[in-house]
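Please keep the sequence and the model in view while reading.

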Amino acid sequence: MKGGLTGMDRISKPTNADSEAFMPQQSRMQSIASAIDETTSGFNLMKWLGERSYVFEPIVHFLSKKAVPQHRISIWYYFGGLTLFFFVIQIVTGLLLLLYYKPTEQEAFSSFLYIQKEVPYGWLIRQIHSWSANLMVLMLFIHMFSTFFMKAYRKPRELMWITGFVLCLLTLGFGFTGYLLPWNELAFFATQIGTEVPKAAPGGEVIVELLRGGEDVTGATLTRMFSFHVVLIPGITLLVLSAHLLLMQILGTSVPIGYKEQGLVKGYDPFFPNFLMKDLIGWMIGFALLLYLAVNLPWELGVKADPLAPAPQGIKPEWYFWAQFQLLKDFKFPGGELTAIIMFTIGGVAWALVPFIDRQSAREEKSPAFTIAGVLVLVFMLVESYRVYLEYGF
Ligand code: HEM
């Protein structure tokens, strides 16, 4: 290097106090930048990025601080990331569908037909959106039950569980509100039955009216479901999800009770880049499965809803509401619906408060009663859902 400025000198350094604080972390990216600087002229993306390393390095540093434990059941750590992956697919494909979808009683169904038949690859985007919604709910259930059985909700991760629980409600809200959007016969009558349920509870009429935008399911309901589906629920979800992921990064991944003491933890993967790369493999498998399902098992659009026609046979909600649906059917006696609603409300509140009720796991002691309760909830949901399947098919 002959006299004059070196590559390093020519890099303009950040001057504010915040960026000065990160100066020690700059060295690696800056030396890459200066090496490139000496051999090239004109605009160079790597050099440009290298000069701004003080912005990226703290983020990389924050991400690599978290370490993910490796043990015989660490496979369950992949399901939160898979839920996230399918959620991102939902946002992208949802935005694409919005380019052609028309949320009115007259045009909703025909705009779906147009997307299916006329828009290039419209059929694929619609199928991916429908399948990814189902896979997202499935991954979310697996993620929720696995974190439950691993007692990952225990102190100090209570807020991870609470934010997760809210995400579960929001995800079910996505499914419920999205179902009506094609304005087909099945969705119309299923929404009629679904939005009727709160009526059995005292003051429930207000909720029914709020959901329907009137006494019955009409075009006003479609407008509401549409705005819930594309504005309200996504907005809240993004906020709660950011909190969930930020907490995860700050608190780190939990280890099942007793694993450290028994020497069952084989080692730790830094989250960035090692675990993220493994996550990526999971996402690629998930994407391959999604494409396979979207191409080979398309969701039918059915026929346009006719609000004046009688409800056809075999109306049922989406599979993730089957357990509640079956219980409501079982409780067809006077006051039965209200009893079912009370049972679900108490069950839901207890589920949300699990980290505060399970005092043993908060003390790092095993809590078999909670494991058994979780197994009973799971068995109940599977048996009830299977009964719906036996009666109606898929
Ligand atoms: C949109 C839905 C959700 C997304 C995208 C999501 C995402 C994630 C991710 C990426 C992680 C870190 C990796 C992992 O442990 O799997 C995580 C951890 C966690 N999630 Fe979720 N989650 C969602 C819903 C839920 C639900 C419904 C619950 C429970 C009610 C929940 C409870 C937890 C807990 C307790 C952890 C900490 C796990 C540990 O430390 O071992 N999450 N979540």
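## Basis of the report

The model is predicted: local features need pLDDT of at least 70, side-chain atom pairs count only at pLDDT 80 or more, and totals for chains, interfaces and linings use all residues. Residue numbers start from 1 along each chain as its sequence is written.

## The ligand shell

The ligand is surrounded by 26 residues, a residue being near it if its C-beta atom, placed from the backbone, lies within 6 Å. The closest are Gly80, Ala152, Gly164, Cys168 and Ser254. Two or more residues come from each of α6 (78-98), α8 (122-149), α9 (158-179) and α12 (219-251); helices are DSSP runs of H or I with at least four residues, numbered from the N terminus. The most, 7 residues, come from α9.

## The nonpolar cores

A nonpolar core is a set of buried Ala, Val, Leu, Ile, Met, Phe, Trp, Tyr and Cys residues joined through C-beta atoms within 7 Å.

The largest core has 35 residues, of which Leu82, Phe86, Met136 and Met139 touch the most other members. At least two residues each are supplied by α6, α8, α9 and α13 (271-296), and α8 gives the most, with 11 residues. Beyond its neighbours within four places in sequence, Leu82 is in contact (C-beta atoms within 7 Å) with Met139, Gly282, Trp283 and Gly286. A second, separate core of 19 residues includes Phe109, Ile115, Phe176 and Leu181.

## Helix α15

Helix α15 comprises residues 336-352. Its buried residues are Glu337, Ala340 and Ile341. They lie on the same side of α15 because they cover an arc of only 100 degrees around the axis, taken from the directions from the axis to the C-beta atoms. These buried residues pack against α14 (322-330), whereas the face turned away from them carries the exposed residues Ile346, Val349 and Ala350.

## Backbone details

Most residues other than glycine have a negative phi, and most peptide bonds are trans. Lys155 and Pro156 are joined by a cis peptide bond, with omega about 5 degrees; Pro156 is in the loop between α8 and α9. The bond from Phe272 to Pro273 is also cis, with omega near 0 degrees, and Pro273 lies in α13.

Trp183 has a positive phi, near 55 degrees. Trp183 counts as buried because 26 C-beta neighbours lie inside 10 Å.

Notes: A residue is buried if 20 or more other C-beta atoms lie within 10 Å of its own, exposed if 12 or fewer, and partly exposed in between; C-beta atoms are placed from the backbone. Two residues are in contact if their C-beta atoms, placed from the backbone, lie within 7 Å. The expected span of a helix is 1.5 Å times one less than its number of residues.
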